Amino acid sequence: MDRRHFLKSSLVLGAGMAVSPLLPSCVGGTYAANEVSELPSMRFDVIVAGGGTAGVLAAIAAARTGAKTALIEWKGYTGGIITEGGTALHSFFNIWKPYPGVAKKQLVKGIPQEIIDRLIKVGGCAGHVEMETSYDYDSVCTAIDTEMYKLVTMQMIREAGVYMALNTMLCGAVMAGERIEGVIVESRAGREVLYAKSFVDSTGYGDLCAYAGARFTVPNDYKVANSMGIANVDMNRYYDFLKDNNALGQIARGSYDGLDSQLVRLGTNNKNLPTEFVKGLKDLSVATITTTVHKDYLMFIKCGYDLPTSPLNRDEVSDAEVQIRINQQKAIELYRKYIPGFEKAFISRTNPSLCIRRARCIECDYDLSNEDITNAIHFDDEVFLYGFHDSAPKYSVKNGGAYGFPYRCSCVKNVDNLYAIGMMVTSEHSAHMSTRNTVSCMAQGQAFGTAAALCALKGIGSRELVYTDLREQLIAGGVYLE
Ligand SMILES: Cc1cc2nc3c(=O)[nH]c(=O)nc-3n(C[C@H](O)[C@H](O)[C@H](O)COP(=O)(O)OP(=O)(O)OC[C@H]3O[C@@H](n4cnc5c(N)ncnc54)[C@H](O)[C@@H]3O)c2cc1C
């Protein structure tokens with residue numbers, strides 16, 4: 001297909017899309033099978049689009065269930081925002097600490113826990129350490145080394161036998177009515193079509209859903225961000241300074257680099273820090289809370305930026321990329337000037353591009369509400385349990401309990417063989433403050449990678465899968481379901 005034809009079909013598709021009127025309506029390509037028959041092709045059972053937080057798990061789970069699986073990822077590594085945005089992985093456990101008499105319970109196990117076990121072995125995680133303060137927000141802190149996370153997950157994907165198409169962008173869907181037949185990908189090897197029976201969209205941005213004609217909104221309800229790593233910090237002097245100024249916030253300690261009782265999580269009480277420093281960071285939208293698993297190193301310091309209209313607007317995003325880097329430099333200068341222990345600190349890592357907590361929100365068969373979450377509701381078709389809410393203590397899961405994540409939440413409306421997972425599901429902002437967190441995304445990955453494999457192997461669509469078959473397979477894969 002030539003470029004003119006590609007653009008024409010993109011525009012026709014865009015005209016029917018539920019995009020904000022402020023956005024360009026062209027969202028990419030949709031094709032009929034006869035339009036792509038000349039392209040080089042490959043065939044799989046399951047295609048997972050996006051090898052980030054959720055997609056890694058989906059690909060491993062699908063391959064372990066016996067499906068011939070391909071993972072398409074446009075960066076040269078896996079992990080997505082788990083390696084680029086977050087501070088701690090929220091959360092493998094219920095929030096038991098603020099509720100006397102409530103037992104500590106690990107809710108998310110299975111492949112997500114396997115990743116943690118592998119990371120611990122290579123010094124890339126201090127494990128699930130208990131919070132000493134602010135435990136009504138999260139009762140544990142699971143901090144990771146971002147680089148080890150990339151390595152460990154790539155090794156696990158390879159061991160599972162997944163075909164990994166890295167540095168490859170998904171840029172279209174081949175449709176037969178409401179069924180996806182294949183996806184169009186582009187890389188330096190050229191344009192190709194990859195066919196499969198079941199599909200998982202874990203691109204974060206819902207690119208495959210959009211190409212497949214799913215309905216979506218673009219709420220633009222979070223800042224975009226770039227998280228930097230800061231090295232050469234004298235942590236002892238930093239900690240003493242915070243303590244002396246009554247400015248300590250969240251604290252968790254664990255073992256790393258052969259040393260016990262090291263700071264894994266460190267937050268600040270900004271009210272008591274130098275006014276110029278606090279005002280400066282506020283103007284730059286910098287959050288001081290951080291985690292680390294290495295001596296004298298802050299793994300994440302987030303720098304945010306409000307986009308005028310949409311994370312899908314390329315020009316606004318380009319402006320933000322530049323401005324955030326300028327702001328990161330100003331932030332490190334503020335740290336050096338005002339905070340003891342940072343005199344020789346420098347930015348040792350930034351994300352290759354900015355990230356966001358959500359872009360497109362995809363319409364699925366069920367939309368989990370904040371009421372479902374805070375009331376700890378269970379469902380007949382739940383695929384994992386979860387207990388963390390990022391707005392705690394304002395909203396939290398009742399009595400330190402857990403809610404179920406229903407299967408229907410990821411079945412994309414009007415598409416027969418596609419699951420949407422990760423930050424693109426759950427429309428209500430307050431509910432999304434729970435479901436979008438890393439450990440929920442990881443659990444969604446295992447659940448829907450398994451489901452996609454079962455559908456492909458049985459030759460059925462997502463709505464024909466018998467729940468008990470999926471549940472049995474999930475339990476066999478170590479998923480905790482009461
Ligand atoms: C700044 C920030 C701070 C956060 N802090 C925390 C925290 O402290 N704790 C916590 O638990 N959660 C936190 N979150 C939330 C959490 O990190 C994200 O919601 C979650 O990681 C999203 O996972 P995902 O799989 O949906 O997307 P991602 O992890 O972004 O994965 C999407 C993947 O798809 C790839 N991709 C995208 N489009 C295409 C395409 N067209 N073709 C091929 N590949 C594609 C991307 O490269 C990426 O690898 C934070 C998020 C942000 C942005």
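## Model and conventions

This is a predicted model: local features need pLDDT of at least 70, side-chain atom pairs count only at pLDDT 80 or more, and totals for chains, interfaces and linings use all residues. Residues are numbered from 1 along each chain as its sequence is written, and side-chain values use heavy atoms, with hydrogens and water left out.

## Domains

The protein is divided into domain 1 (1-127 + 141-221 + 357-482) and domain 2 (223-356). These bounds come from an automatic or database domain assignment. The C-alpha centres of domain 1 and domain 2 lie 28 Å apart. Across the boundary, 31 residues of domain 1 are in contact with 27 residues of domain 2. Contact means heavy atoms within 4.5 Å.

## Ligand shell

The ligand is surrounded by 35 residues. The closest are Thr 53, Glu 73, Ala 88, Arg 436 and Thr 438. Both domains take part: domain 1 and domain 2 each give at least three residues to the shell. By class, the shell has 13 nonpolar, 16 polar and 6 charged residues. Here Ala, Val, Leu, Ile, Met, Phe, Trp, Tyr, Cys and Pro count as nonpolar, Asp, Glu, Lys and Arg as charged, and the others, Gly among them, as polar.

A polar backbone atom of Thr 87 is 2.8 Å from an oxygen atom of the ligand. Taken alone, the ligand exposes 1000 Å², and the protein buries 97% of that. Accessible areas come from the Shrake-Rupley method with a 1.4 Å probe; for residues, only the protein chains shown count as cover.

## Asp 390 and its partners

Which side chain does Arg 436 meet in a polar contact at 2.7 Å? The partner is the side chain of Asp 390. A polar contact is a pair of N or O atoms within 3.5 Å; within protein, one must be able to donate a hydrogen and the other to accept it, and residues adjacent in sequence count only if both atoms are side-chain atoms. Arg 436 lies in the loop between H10 and H11. Arg 436 counts as buried because its relative accessibility is 11%. Buried means under 20% relative accessible area, exposed over 50%, partly exposed in between (1.4 Å probe, protein chains only). Leaving aside neighbours within four places in sequence, Arg 436 is in contact with Tyr 222, Arg 357, Asp 390, Met 423 and Cys 441.

The side chain of Asp 390 also makes a polar contact with that of Tyr 137, at 2.5 Å. Tyr 137 sits in the loop between strand S5 (125-130) and strand S6 (140-144). Tyr 137 has a relative accessible area of 15%, so it is buried. Beyond four places in sequence, the contacts of Tyr 137 include His 90, Arg 265, Phe 388 and Ala 392. Gln 250 is another contact of Tyr 137; the two are 113 residues apart in sequence and 9.6 Å apart in space, C-alpha to C-alpha.

## Other sites

Ser 430 lies in helix H10 (residues 429-435). Its relative accessibility is 13%, so Ser 430 counts as buried. The side chains of Ser 430 and Asn 370 make a polar contact at 3.5 Å. Ile 347 is found in strand S19 (residues 346-349). Ile 347 counts as partly exposed because its relative accessibility is 24%.

## Backbone exceptions

Most residues other than glycine have a negative phi, and most peptide bonds are trans. A cis peptide bond joins Ala 392 and Pro 393, with omega about 5 degrees. Asn 167 is not a glycine, yet has a positive phi of about 50 degrees. Asn 414 also has a positive phi, near 70 degrees. Asn 167 is partly exposed, at 46% relative accessible area; Asn 414 is partly exposed, at 36%.

Methods. Near = heavy atom within 4 Å. Helix = DSSP H or I, 4+ residues; strand = E, 2+ residues; numbered from the N terminus.
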